[in-house]
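Let's take a walk through a protein model, picking out a few spots on the way. Keep the 3D view open as you read.

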Amino acid sequence: MTQQQKKKIHYAWWLLIAVSIMVGVGKNGISTAGGLFLTPVTEDLGIGMGSLTLYFSIASIVTMIFLPIAGKLMAKYDIRLILIVSIVLMAGSFAMFGFMSSVWGWYLFSIPMAIGSIFITQMAGPVLINNWFKKHNGLAIGIMVAIGGVFGAIIQPFAGNLIATQGWRFTYIALGLGVAAVIIPIVLLVIRMAPQQKGLQPLGMEEVNTNENATAQQETLTGVAAAVAKKSSAFYALLSFFFIITSIASFSQHIAPFAMGVGYDIKFAGSALGAMQIGVLIGALSFGVLSDKIGAKNTAVFGMLLGLVPVGIFLTAPENPTLFTVAIGIFGFVVASLGTLGPLLTTALFGKKDYSQIYSTAAIGLAVAGIIALPGYGFIYQFTGSYTFVLYALAFMLILNALLVILAFKGKKKLEKAGMWN
């Protein structure tokens with residue numbers, strides 16, 4: 001290998017940047033931004049918070065049904081075609097919310113939005129990174145989530161100000177069209193499913209000697225078969241972890257209503273969500289590096305216990321704007337574990353042999369959580385006028401999730417002893 005070849009930037013890094021922009025803009029321009037609209041829409045149209053947030057539940061049901069199909073579609077069809085169709089469904093549906101005057105509009109358009117979101121914000125990132133990175137998977141996933149945090153720190157305050165100055169209808173349309181305009185060119189120009197499509201090997205494979213290439217390729221495919229994994233205690237613990245961490249992260253959609261319920265305005269709520277995305281950025285980098293250094297297990301337990309700090313601040317001193325912003329930032333740090341630790345825990349527990357099948361099935365826990373948690377939080381607020389009960393529930397779930405991680409790795413040892421890891 002020549003010195004020039006060694007210095008050449010591997011295409012995997014360009015793909016990572018493209019994927020990070022796609023996921024970051026998609027999540028923060030549409031998925032996460034949805035929470036900013038809850039209070040303005042409910043007040044303007046006279047809809048209850050619980051009734052409106054049911055559209056999150058519908059989206060989660062659609063996600064749960066479609067997730068197992070998503071993995072098969074990604075393996076069968078051109079990834080660029082899938083992602084273009086997905087962003088049209090996702091961003092187009094979000095823009096259509098701006099024309100709605102009845103809650104049924106949110107219920108209807110949440111269906112195509114959810115289908116598109118599966119590929120844009122959930123499946124594409126982990127699958128592409130696994131395909132392109134033989135080494136530094138944790139770092140790559142961390143970078144992806146971190147770049148998303150950068151976009152969030154910009155988009156969330158921008159969206160809050162836009163709602164305050166131009167109204168929620170205009171903002172829905174502007175964000176939907178803007179997200180599509182950014183993502184479609186990126187997909188067409190940069191995204192490729194596998195290194196072979198560019199005549200390359202995965203990043204890190206070139207470091208392996210020619211005589212060891214067959215062995216190295218085999219190593220990337222070791223792990224537990226999907227049929228075996230899905231019957232294991234480790235899988236059920238992982239499924240439960242996904243459910244709970246998503247339930248915890250789902251509270252981010254209620255941050256804006258929570259802030260405005262305490263007495264802050266929509267602009268402050270947007271800035272607070274921007275602070276949360278800075279926390280996501282730091283958390284994503286930290287979780288990626290930590291999982292490479294001390295393992296996904298220890299990193300996950302640390303993240304869950306750290307989440308108790310912002311919950312404590314929300315319960316005891318929410319009226320203090322400085323502490324509130326700090327708490328939001330730490331909460332964002334913990335929320336980053338959803339995008340970073342989910343894929344890393346799946347790989348650590350079951351390997352790469354049937355990663356996409358195992359991950360897409362375990363990710364059903366994400367969808368089920370959305371069905372229950374998102375509207376559940378809304379109805380609690382609608383009936384009690386407070387998020388206090390929700391905050392106590394978050395504390396309990398954080399502790400429970402730390403225990404589930406420990407149980408999952410005990411289940412992994414059982415699989416190894418039974419000779420199921422090969």
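One aromatic cluster is made up of Phe251, Phe258, Tyr264, Phe268, Phe314, Phe324, Phe331, Tyr377, Tyr381 and Tyr387. Before you zoom in, keep in mind that this is a predicted model.

**Inside the aromatic cluster**

How many aromatic pairs does the model have? The count comes to 31. Take Phe251 and Phe331 as an example: their ring centres sit 6.1 Å apart and their planes meet at 85°, so this pair is edge-to-face. The cut-off behind that label is simple, because planes over 60 degrees apart count as edge-to-face.

Phe251 lies in the loop between helix H11 (233–249) and helix H12 (255–262), while Phe331 belongs to helix H16 (residues 321–350), so the pair ties together parts that are 80 residues apart in sequence. Are these two buried or exposed? Phe251 has 0% relative accessibility and counts as buried. Phe331, at 2%, counts as buried too.

Phe251 has another partner you can look up. With Tyr387 it forms an edge-to-face aromatic pair, 5.7 Å from centre to centre and with 80° between the planes. Tyr387 lies in the loop between helix H18 (364–384) and H19, and Phe251 in the loop between H11 and H12, so this pair ties together parts that are 136 residues apart in sequence. Both Phe251 and Tyr387 are buried.

**Out on the surface**

Time to move to the outside. Which residues gather in a patch of positive charge on the surface? They are Lys297, Lys410, Lys413, Lys414 and Lys417. Helix H19 (residues 388–417) gives the most to this patch, with four residues. Lys297, on the other hand, has its place in helix H14 (residues 296–306). Its relative accessible area is 31%, so Lys297 is partly exposed.

Where does its largest share come from? H19 supplies that share, with five residues. At 30% relative accessibility, Leu308 counts as partly exposed.

**A pair of opposite charges**

Side chains of opposite charge can pair when their charged atoms come close. How many salt bridges are counted in this model? The count comes to one. Asp78 and Arg80 form a salt bridge, and their closest N and O atoms are 3.4 Å apart. Asp78 has 37% relative accessibility, so it counts as partly exposed. Arg80 is partly exposed as well, with a relative accessible area of 26%.

**Along the chain and through space**

| Residues | Separation along the chain | C-alpha to C-alpha distance |
|---|---|---|
| Val145 and Met90 | 55 residues | 19 Å |
| Lys134 and Met304 | 170 residues | 28 Å |
| Glu43 and Ile183 | 140 residues | 32 Å |
| Ser233 and Leu407 | 174 residues | 8.0 Å |

Let's meet one residue from each row. Val145 is found in helix H7 (residues 137–166), and its relative accessible area of 12% makes Val145 buried. Lys134 is in the loop between helix H6 (103–132) and H7. Is Lys134 buried or exposed? With a relative accessible area of 19%, Lys134 is buried, because buried means under 20%.

Glu43 is found in helix H3 (residues 34–45), and at 63% relative accessibility Glu43 counts as exposed. Ser233 sits in helix H11 and, at 39% relative accessibility, counts as partly exposed. Look up Ser233 together with Leu407: they are 174 residues apart in sequence, yet 8.0 Å apart in space, C-alpha to C-alpha.

Definitions and conventions. Residues numbered from 1 in each chain as written. Predicted model: local features only at pLDDT ≥ 70, side-chain atom pairs only at ≥ 80, totals over all residues. Heavy atoms only, no water. Patch = residues over 30% accessible without salt bridge, like charges linked within 9 Å, V, L, I, M, F, W, Y side chains within 5 Å. Areas by Shrake-Rupley, 256 points an atom, 1.4 Å probe, with all protein chains shown as cover. Salt bridge = Lys/Arg side-chain N within 4 Å of Asp/Glu carboxyl O. Lys, Arg positive; Asp, Glu negative; His and termini not counted. Charge placed at Lys NZ, Arg CZ, Asp CG, Glu CD. Helix = DSSP H or I, 4+ residues; strand = E, 2+ residues; numbered from the N terminus. Buried < 20%, exposed > 50% of the residue type's maximum accessible area, 1.4 Å probe, protein only. Phe/Tyr/Trp six-rings, centres within 6.5 Å; stacked < 30°, edge-to-face > 60°.
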